[in-house]
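How do you find your way around a protein chain you have never seen before?

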Amino acid sequence: MFKGRAVLITGASGAFGSAIALQFAKESANLALTGRNLDKLNKVAEECKALGAEKVVPIVADLTKKNDLSQIISTTTSQLGRLDSLVNNAGYYVHHSLLQVTWEEIDDTFAVNVKAPLMLSQLAMPFLLKTKGCIVNISSATPPSQNPALVSRMSRGAVDQLTLNLASEFVKQGVRANVVKPALSKTGLTEAQLSDETFEERAKMQPLGGLLEQTDIADAVVFISSPKASKITGQFLLVDAGQSVMPRIP
C-alpha cells in the first residue's frame with residue numbers, strides 16, 4: 001500500500017513512534033525516523049528493514065532547534081527522493097496542574113508539541129504538494145476531567161486547531177491533514193509521571209479491552225495516511241477504546 005512512498009515520523013524511537021514505524025514498514029514504506037538517541041533509532045530502523053522497508057533513514061535531531069527541523073526535511077527528501085506523509089508524533093508531557101507548572105515546562109511543552117509540528121508542516125509542504133500527501137498529528141482523547149496536565153492539554157488543543165487550518169488551507173491542492181487522538185497508553189513519558197493505580201483506574205474507563213496498545217495507535221495512523229482514507233481530511237480520529245461513549249453517572 002505504501003511501496004515507493006516516503007514517510008517521516010518524529011519521535012520514532014519512543015513507544016508510539018516505533019510502533020508507527022513498524023506498521024508502515026509492514027506496508028513497504030520508505031521511512032525517515034527522527035529522535036534524539038541514535039542507538040535507539042538504529043534499532044528501530046533495523047526492525048523496519050526486517051519487516052519490509054527498503055529504505056530507512058535515521059535522523060538524530062532536537063525538535064526545539066530551528067536548524068534541526070530544516071535538516072530533518074532536507075535529509076528526508078534528499079535520501080528518499082520525495083515525501084508523502086509527515087507524522088508529527090513526538091510529544092512532551094508534564095502532569096502538572098496550574099499551581100504546579102513552571103515557566104520552563106510551558107516553553108518546553110509548546111516547543112515540542114506545537115512549534116515543531118507547525119514548522120515541520122511548513123517546511124514539508126512544498127514536497128507534500130508535489131505528491132498530494134498528508135500530515136497526521138498526534139493529539140489526545142483524554143477528557144480534562146481525567147487529566148490535570150494543564151499545559152500538555154493546552155498544547156494538544158493547539159495541535160487540533162493547527163490540523164484544521166492545514167486541512168482547510170490545502171484541501172484544494174490535494175494535501176490532507178488529520179489528527180489521531182489516543183486515550184491513555186503506557187509509554188515512557190506516562191509511566192514516569194503516573195502511578196500504577198492511575199493506570200488501573202483509567203483502564204476501567206476504556207471498556208473495549210482496557211488501556212490502548214501502541215499498535216492500536218499505529219494502525220490508525222497508517223490507515224488515515226493511506227489511499228483508503230484519500231477522501232478524509234480535517235478530521236479527529238479518536239482511538240479511545242470506547243472511553244468517549246461510556247455512560248456517565250448523573
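Predicted model: local features only at pLDDT ≥ 70, side-chain atom pairs only at ≥ 80, totals over all residues.

Residues are numbered from 1 along each chain as its sequence is written, and side-chain values use heavy atoms, with hydrogens and water left out.

Start with the whole chain. It has 8 helices and 7 strands. Helices (H or I, at least four residues) and strands (E, at least two) are DSSP runs, numbered from the N terminus. The chain has 250 residues, and buried ones make up 51% of them. Buried means under 20% relative accessible area, exposed means over 50%, and partly exposed is in between (1.4 Å probe, protein chains only). Next, look at contacts, meaning heavy atoms within 4.5 Å. Take the contacts in the chain with a separation of 6 or more: residues 24 or more positions apart account for 74% of them.

Now go to strand β5, residues 134–138. Why is β5 described as largely enclosed by the rest of the structure? The reason is that 5 of its 5 residues are buried. In a regular strand the side chains alternate between the two faces of the sheet. On one side of β5 sit C134, V136 and I138. On the other sit I135 and N137. Both faces are covered, and these residues are all buried.

Which strands pair with β5? Two strands pair if DSSP finds at least two bridges between them. Strand β4, residues 85–88, pairs with β5 in the parallel sense over 4 bridges. Within this pair, S85 stands opposite C134, and N88 has N137 as its bridge partner. To get from β4 to β5, the chain passes through helix α4 (residues 103–131), and this β-α-β crossover is right-handed. A crossover is right-handed if, with the strands pointing away from the viewer, the path from the first strand over the helix to the second runs clockwise. Strand β6, residues 176–182, also runs parallel to β5, joined to it by 5 bridges. There, I135 is bridged to A177.

Step back to β4. S85 and V87 point one way, L86 and N88 point the other way, and all are buried. β4 also pairs with strand β1, residues 6–9, in the parallel sense over 3 bridges. In this pairing V7 stands opposite S85.

Next, look for empty space. Rolling a probe the size of a water molecule over the atoms shows where empty space is left. The search uses a 1 Å grid over the protein atoms alone, and a cavity is a set of points where a 1.4 Å probe fits but cannot get out. Grid points are joined across faces, edges and corners, and a volume is the space filled by probe spheres set on the points. How many cavities of 30 Å³ or more does the whole structure hold? The search finds 1. The largest cavity holds about 30 Å³ of space. Lining residues have an atom within 4 Å of a point. Here they are N88, A90, N113, P117, N137, I138, R156 and V159. By class, the lining has 4 nonpolar, 3 polar and 1 charged residues. Ala, Val, Leu, Ile, Met, Phe, Trp, Tyr, Cys and Pro count as nonpolar, Asp, Glu, Lys and Arg as charged, and the others, Gly among them, as polar.

Finish with some single residues. A61 lies in the loop between β3 (56–60) and α3 (66–80). Is A61 buried or exposed? A61 is buried, with a relative accessible area of 9%. Not counting residues up to four places away in sequence, A61 touches G35, R36, D68 and I72. A61 and I72 are 11 residues apart in sequence and 7.2 Å apart in space, C-alpha to C-alpha.

Most residues other than glycine have a negative phi, and most peptide bonds are trans. S28 is not a glycine, yet it has a positive phi of about 70°. S28 is found in the loop between α1 (15–26) and β2 (30–35) and is partly exposed at 25% relative accessibility. K132, also not a glycine, has a positive phi of about 50°. K132 lies in the loop between α4 and β5 and is exposed, with a relative accessible area of 56%.

Conventions: 1 Å grid on protein atoms, 1.4 Å probe; cavity = no way out; pocket = protein on both sides within 12 Å on 5 of 7 lines; lining within 4 Å.
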